[in-house]
Amino acid sequence: MLEDIRSELGDTTRAPASQRTRTAEVLKRARESHKPVEVTIDGNTIEVPFGATILDAAQQLGIRIPTLCYHEDLCLAGVCRVCVVEIEGQRTLQAACSYPITVPIKVQTHSPKVRRARRHIIDLLLGSHYGECYTCSRNNYCELQRLAAEYGVDCFRFGHLSEPRFEIDQSSHALVRDMNKCVLCRRCIRTCIDLQEVGVLEAIGRGNRTKIATFMDKPLAEVICINCGQCINRCPTGALRANDPTDEVWQAIDNPKKHVVIQTAPSPRAAIGECFGLEPGHAVTFEMNTALRRCGFDRIFDTNFAADLTIIEEGAELLMRLKRALVDKDESVALPQFTSCSPGWVKYIEHFYPEYLDHVSSAKSPQQMFGAVIKTYYAQLNGLDPKDIVTVALMPCSAKKFECNRPEMCASGHKDIDFGLTTRELAKMIREAGIDLLGMPKSDFDDPFGTATGSGVIFGTTGGVMEAAIRTVVELVTGHKGEDLFEHAEVIPVRGFEGVRYAELPIADVGPVPELVAHLFDDWDWLKGVTLKMGVCHGTANAKKVMEDIKSGGKFSQCHFIEFMACPGGCLGGGGQPGPTSPEIRAARAKAIYAEDRAYTVRKSHENPAIVQLYKQFLTDGPCGQKSHHLLHTHYMARGKYIE
Amino acid sequence: MTHAMKTGSLTFDTVESGTGLDAALAGTGAEVLRTIKSSGLRGRGGAGFPTSLKWKLAAEAEGDRKYVVCNADEGEPGTFKDRVILADHADLIFEGMTIAAWVIGARYGIVYLRAEYTYLRPHLEAVLARQREQKLLGENISGKKGFSFDIQIRMGAGSYVCGEETALIESLEGQRGEPRNRPPVPIDTGYLDHPTIVNNVETFAWVVCIMAKGAKWFSSFGTEKSTGHKLFSVSGDCDRPGVYEFPLGISVAELLDEVGGQEAKAVQVGGAAGLCVPESQFDRTIAYEDIPTGGSIIVFGPDRDMLDVAENFLEFFIDESCGQCTPCREGVPKLLEGVNMLKRGECSMAYLEELCSLGETLQLASKCGLGQMAPNAFLSIVEHFQDEILGRTAG
Ligand SMILES: Cc1cc2nc3c(=O)[nH]c(=O)nc-3n(C[C@H](O)[C@H](O)[C@H](O)COP(=O)(O)O)c2cc1C
Ligand code: SF4
Ligand code: SF4
Ligand code: SF4
Ligand code: SF4
Ligand code: FES
């Protein structure tokens, strides 16, 4: 059966990084030959592995040391100095986040010197900060604000700016950068360079003229930013935020002439509870439906419907490519086929590997497919003029805001999607409407697109698209129920959080061609004995590894299908999700998503009755037919790395 | 006070090229280390770290590739003694680096040359070429089988902080020149993560002298903890500015006598990062145990406004801070603001105290030496020149 070969390409979303690897490599070598070390913090003694940081040790002891530039997902910077502590016998204070313990030491985390230094540092940060909390997107969950509160800042000891120093960069559809609120913690740089390996942001200038900037300090819309929003998720302040369309969405809701439809993706429902005080890992799908109705949306649909549609279209496209390669022996066919549902990934490949664009599935992402279906099929069904329909997409993602503004995304004559809303922004709308999300009664999605399958749900996590595709393809081709092949039809080997994964699926026998794709294939005999090879990766740093492997003719060049997600963890870790983010939080969200998948009765995309209906009534020439090609497929743009 | 030597009659003029290396290669690396240790040589770049200890740790560090880096970034205001050595005694520097390579087992050496010294590069390349011809560099140096070492010159890009050894290494690796977190230190994780020693130009030159003339000769000068001679760059309000060689342990007053600066009301020892010594303390000595220095001496005559002096230094640090850590980036400008307030007579005693306390935080909490030393001049001027700086009126 499905063989699980973990990739040798490395298994981490933590890309090689300036400071961390440098420390880590040496420590790894040293750890083998060194015994654990004793450390005493505020009088409590424990043993820690050689090279553990003071911060690690303090956490083990339950001692809180404040931090600002430190982030679990990122390499160490040691720049804000908020975490300084006193080590007995050392002249200067040391940054707890980046000081490795290699000999027994005695540490004080709140000696007079430490307290004074921390207070000074916080005062200094506030002294060069321009922004007002009540008008700030981060109000109430800003790390700078929290520090100021914790340290009892009651005046601006070293003054306060009364004028902004920088113009706000609003050029991007996805992100807004307000450097007046930046504390130069450089998390965004480390995110973009080390975690995502895109490299849009760097520090420029020296001294107090230092600032975070793009190449040649251009507006964000004019550089190679892929809009993944990972930097937003890790920014401790309101300096980075998503481009927020809630005012326009409210306007549409308030306009009686407009029929406002919202589709909600799988990941926001697994995370929005966090904005209302729930522990990560609790989906509030049905409470959220009621809240959306009370906000005034006319219809609430499940993006999972469109995810199922994507699986069918993308799966059919894959089978067609395979047939051309295996039966017609057409060497020009681009394999492996790459997924296209992550707009961050799509922009990444447009910039960094434009020569591989023919590998990207032409199928639109679920968000866009849904928009196209709503403005055509749904409009027809309900006798609505598509220009009176406003389509809103609730997404965990900032790149979706860019995607819905791509000029090619309006095949119906109207923008597929008018507004992309992030999880955080919806939470704001719900609060604004005075709705207590967690106290809402439960209610279902609206018909006709309310029915979805679990396969759509798991799109939200890394490996989900692949798993859904496997379920569908296996059944289409073999005629066996997925349940016969995998327990609960759960394709465990493609699950998990390893950055790059690889799996094989030998097709031992084939069944008859089901009606849905009978216009494309006469039989499956040509697939008999073929071993499907698949790859999964998440985070563009890992995408880069896979692409480089393909370029050098490695294992992934032999794959048939590869799932790419721009964000670490997949959509559940998207740039529109609530902060903070960490590996644990992402894992908890994944658990919630898999649990929801199990709860569905229909779990395979091609069994979704709404989908079957859509092909019967509207897309009558079937998957990958003319109609679907016009509405549900798209093309890409070779952008390259060098922008004029 | 003996042995004041001006440019043109330095000890370095008396050592013949190759003699130090011959002496070193006659013994093992461990023997060389013992010699340097008993000479008591400490780094001439400013911090005064014992050279033999640095080299010993690097020799013991695990790694098949090691690097010897010469710090020729000389960026401290008022320092120009390395320039003289580079111009007149490059052969000694390279020879010292070769001895270091012998001790720690390095194959590659790099000279990180200050951008402003680009004009010296052809000369340095010519010396390197000559040494290669003489088999003082290259494969099987001086006929010693298996001992190979060569040196490359790399240019700095004009930033003071790149003289800090870890920022220097970042810069060599093609990154923004910003100091690294330490530990780890370069001796185990340096250039490209390989064990690396970074030493000042002058340190290498003295190693050659020690190997040629003996540890006893060297340690017969200076004090117990600060042995030997050192070069000084003397500038400011004195009759005879220039590069001098003095034994360590010289008092400020003696030094002023030699350079014709008896009128001085204060002397900045150690450049912008150093201490501002008032007349009342001119009997203090220049030595690692008292006032340490990389060699910069700036003399301030009676007419100098000490607030101008502080302003000048602080502006320098604001320009040169790499900007990565909060205390240095945001704190030094606050000190400068304070100086300007003092000038206008607008700084309350309470705020001045706050600023001094902030200065202490900068010394303690900054990430690298730059931010740690940036408040020194400010703090010593506030401490020693209260009468002069307080109670001014605007205009
Ligand atoms: C901000 C800063 C600038 C420095 N600039 C120099 C320099 O220009 N030349 C130098 O030799 N050392 C400089 N140093 C000291 C070096 O970090 C390092 O200690 C020295 O090169 C070691 O050599 P030594 O042991 O031979 O003195 C600087 C240190 C700091 C903190
Ligand atoms: S970034 Fe934080 S401290 Fe600044 S205005 Fe926003 S909430 Fe307030
Ligand atoms: S959105 Fe993504 S690509 Fe753009 S700057 Fe942020 S991390 Fe980099
Ligand atoms: S934009 Fe945000 S993440 Fe980036 S340096 Fe500024 S405060 Fe830090
Ligand atoms: S102290 Fe100054 S120069 Fe040093 S790391 Fe901090 S900001 Fe950079
Ligand atoms: S959290 Fe340690 S220096 Fe910023």
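Reply: Happy to! Let's start with a term: buried area is the accessible area, found with a 1.4 Å probe, that two parts lose on being put together, summed over both. The size of an interface is often given in this way, as the accessible area lost when the parts come together. Please keep in mind that what you see is a predicted model.

With that in hand, here is the interface itself. Between them, chain B and chain A bury about 3500 Å², and 49% of that is on carbon and sulfur atoms. On the chain B side 43 residues take part in the contact, and chain A brings 41 residues to it.

What holds your eye next may be the charged and polar pairs. Five salt bridges are counted between chain B and chain A. For one salt bridge, look at the side chains of A:Arg116 and B:Glu360, which meet at 2.9 Å, N to O. Polar contacts can be counted too: 18 residue pairs, with both residues at pLDDT 80 or more, are in polar contact between chain B and chain A.

Now for the chain B side. Three elements of chain B each give two or more residues to the side that touches chain A: helix H11 (306-320), helix H12 (326-343) and helix H13 (349-365). H13(B) supplies the largest share of that side, with ten residues. Sorted by class, the chain B residues touching chain A divide into 17 charged, 14 polar and twelve nonpolar.

Ligand 1 is surrounded by 18 residues, and the closest are B:Gly45, B:Asn71, B:Asn199, B:Asn200 and B:Thr203. Of these names, B:Thr203 is one to zoom in on: a side-chain N or O atom of B:Thr203 is 2.7 Å from an oxygen atom of ligand 1. Backbone atoms come into the picture too. An N or O atom in the backbone of B:Glu165 lies 3.0 Å from an oxygen atom of ligand 1, while for B:Gly163 a backbone N or O atom lies 3.3 Å from a nitrogen atom of the ligand.

Ligand 2 has chain A residues around it, including A:His129, A:Cys133, A:Arg138 and A:Thr237. By class, its shell holds six polar, three nonpolar and two charged residues.

Definitions and conventions. Residues numbered from 1 in each chain as written. Chains lettered and ligands numbered in written order. Predicted model: local features only at pLDDT ≥ 70, side-chain atom pairs only at ≥ 80, totals over all residues. Heavy atoms only, no water. Near = heavy atom within 4 Å. Nonpolar A, V, L, I, M, F, W, Y, C, P; charged D, E, K, R; others polar. Contact = heavy atoms within 4.5 Å. Salt bridge = Lys/Arg side-chain N within 4 Å of Asp/Glu carboxyl O. Polar contact = N/O pair within 3.5 Å; in protein donor to acceptor, adjacent residues only side chain to side chain. Helix = DSSP H or I, 4+ residues; strand = E, 2+ residues; numbered from the N terminus.
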